[in-house]
Amino acid sequence: ALRNIETAAEVRAERRLLWPDTVAALLTNKEGKNREVYDMLNRPNRRDLLPGNLVRKEGQEPVEDPAVNEAYEYSGFTYDFYWELFNRDSLDDSGLTLISSVHLGENYNNAFWNGSQMAYGDGDDIIFRRFTRGLDVVGHELTHGVISFTSRLAYLDEAGAINEHLADVFGTLIKQWVQKQDVEEANWLIGDEIIIPAPTRRAIRDMKNPGTAYINDPDLNGTDPQPDHYSNKYTGTQDNGGVHINSGIPNKAFCEAALQIGGFAWEKAGRIWYEAMLQLTSNSNFDKLANTTVNIAAEMFGKNSPEHNAVINGWQTVGLYE
Ligand code: ASN
Ligand code: ZN
């Protein structure tokens with residue numbers, strides 16, 4: 001059965017042995033949001049050195065360092081997004097503390113979820129600026145955390161590309177939600193606020209037109225070379241079987257569906273994809289994602305509804321639905 005606000009509340013009430021009349025209070029309190037930001041002080045990028053020194057925790061005022069404040073604010077927006085739209089209480093749906101470490105390594109051009117926390121580099125100031133600057137980047141990395149508590153998609157081949165795809169979908173939706181952008185206003189770029197623009201690059205990825213975030217640059221320089229159709233899927237072994245490459249295929253399908261539905265992407269397309277993120281399993285492939293989202297759309301909005309047809313059309317555009 002599909003989750004809606006009422007059934008989620010019932011599930012939550014049952015799990016916590018609460019009576020339904022106490023659930024309303026539970027659904028409106030924000031006590032579940034709990035953030036900690038640590039400073040790695042540019043020490044080496046070593047897992048055993050994480051998280052570093054605690055510099056700001058929940059309820060504390062902003063500090064001088066913008067990277068600390070961005071990690072705090074943007075992980076807060078991410079919490080609010082999952083809570084307010086899906087009644088999800090943090091990454092694990094049980095109030096898990098959102099831990100971020102900033103200033104990881106020296107000139108480090110990446111950010112990641114390490115299985116229990118976020119870590120952000122400062123960038124080299126040639127290709128990338130500090131990674132906390134991008135709300136979509138923070139939302140992307142934290143969504144890897146949500147996936148680790150839900151579908152647990154393997155980080156390899158098509159399952160890995162779906163893992164990357166869902167991180168991009170919710171990364172951009174969090175940004176669109178905070179900025180109140182509809183599908184036409186959104187730019188559908190990932191990482192445009194952290195990449196330093198050049199004639200050859202304008203973002204890390206472009207969900208609407210995969211493969212166009214870089215322009216005639218054989219070195220790529222921080223951008224991902226993405227196909228926009230299943231017939232051009234990368235089948236080599238780099239990048240864990242192309243997890244950041246082949247995510248362009250479902251990214252395009254999602255974007256097409258959201259554009260055809262119109263309005264705010266998080267309201268309908270986002271709900272369908274959130275439910276899919278819960279239903280998929282560690283070895284789901286693109287076919288499975290396509291069928292799952294089409295079935296959810298039919299169940300949520302009705303068979304042959306505009307939403308159902310838009311999701312079908314999205315997958316047809318990339319060659320993954322008859
Ligand atoms: N920033 C990258 C990502 O989240 C790190 C990685 O390759 N896992 O996809
Ligand atoms: Zn990722």
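This is a predicted model: local features need pLDDT of at least 70, side-chain atom pairs count only at pLDDT 80 or more; totals for chains, interfaces and linings use all residues.

Biologist: What makes strand E4 (residues 111-113) and strand E5 a pair?

Modeller: The two run antiparallel over three bridges. The cut-off is at least two, so E4 and E5 count as paired. In one of these bridges, Phe112 partners Ala119 of E5. E4 and E5 make a hairpin with four residues between them, and Gly115 in the turn has a positive phi of about 105°.

Biologist: Which other strand pairs with E5, and in which sense?

Modeller: Strand E3 (residues 98-104), in the parallel sense, again over three bridges. There, Leu104 has Gly121 of E5 as its bridge partner.

Biologist: Which way do the residues of E5 point, and are they buried or exposed?

Modeller: Met118 and Tyr120 point one way, Ala119 and Gly121 the other, and all are buried. As background, side chains in a regular strand alternate between the two faces of the sheet.

Biologist: On to helix H7 (residues 248-261). How do you know that its length fits a helix?

Modeller: At 1.5 Å a residue, its 14 residues should span 20 Å, and the end C-alpha atoms are 20 Å apart, so the two agree.

Biologist: Why is H7 called mostly covered?

Modeller: A residue is buried if 20 or more other C-beta atoms lie within 10 Å of its own. In H7, 12 of the 14 residues are buried, so the helix is mostly covered. Among them are Phe254, Cys255 and Ile261. What the buried residues pack against includes helix H5 (157-179), helix H6 (238-246) and helix H10 (306-317).

Biologist: What makes Leu41 worth a look?

Modeller: Leu41 has a positive phi of about 50° although it is not a glycine. Most residues other than glycine have a negative phi. Leu41 sits in the loop between E1 and E2.

Biologist: And why is Leu41 called partly exposed?

Modeller: Buried needs 20 or more C-beta neighbours and exposed needs 12 or fewer. Leu41 has 13 within 10 Å, so it falls in between.

Biologist: What about Asn87, why is that one partly exposed?

Modeller: Asn87 has 18 C-beta neighbours inside 10 Å, so it counts as partly exposed too. Its phi is also positive, near 55°, and Asn87 is found in the loop between helix H3 (66-86) and E3.

Biologist: Which peptide bond is cis around Pro51?

Modeller: The one from Leu50 to Pro51, with omega near 5°. Pro51 lies in the loop between strand E1 (35-39) and strand E2 (53-57).

Biologist: Zooming out, how is the protein divided?

Modeller: Into domain 1 (31-133) and domain 2 (157-317), with C-alpha centres 24 Å apart. The contact takes 13 residues from domain 1 and 11 residues from domain 2. On the side of domain 1 that touches domain 2, eight residues are nonpolar, three polar and two charged.

Biologist: What does UniProt place at residues 35-147?

Modeller: An unreviewed UniProt entry gives "domain: Peptidase M4" there.

Technical notes. Residues are numbered from 1 along each chain as its sequence is written. Chains are lettered from A and ligands numbered from 1 in the order in which they are written. The expected span of a helix is 1.5 Å times one less than its number of residues. Two residues are in contact if their C-beta atoms, placed from the backbone, lie within 7 Å. Domain bounds come from an automatic or database domain assignment. Ala, Val, Leu, Ile, Met, Phe, Trp, Tyr, Cys and Pro count as nonpolar, Asp, Glu, Lys and Arg as charged, and the others, Gly among them, as polar. UniProt positions are given in the numbering used here, feature names are shortened, and annotations may be inferred rather than shown by experiment.
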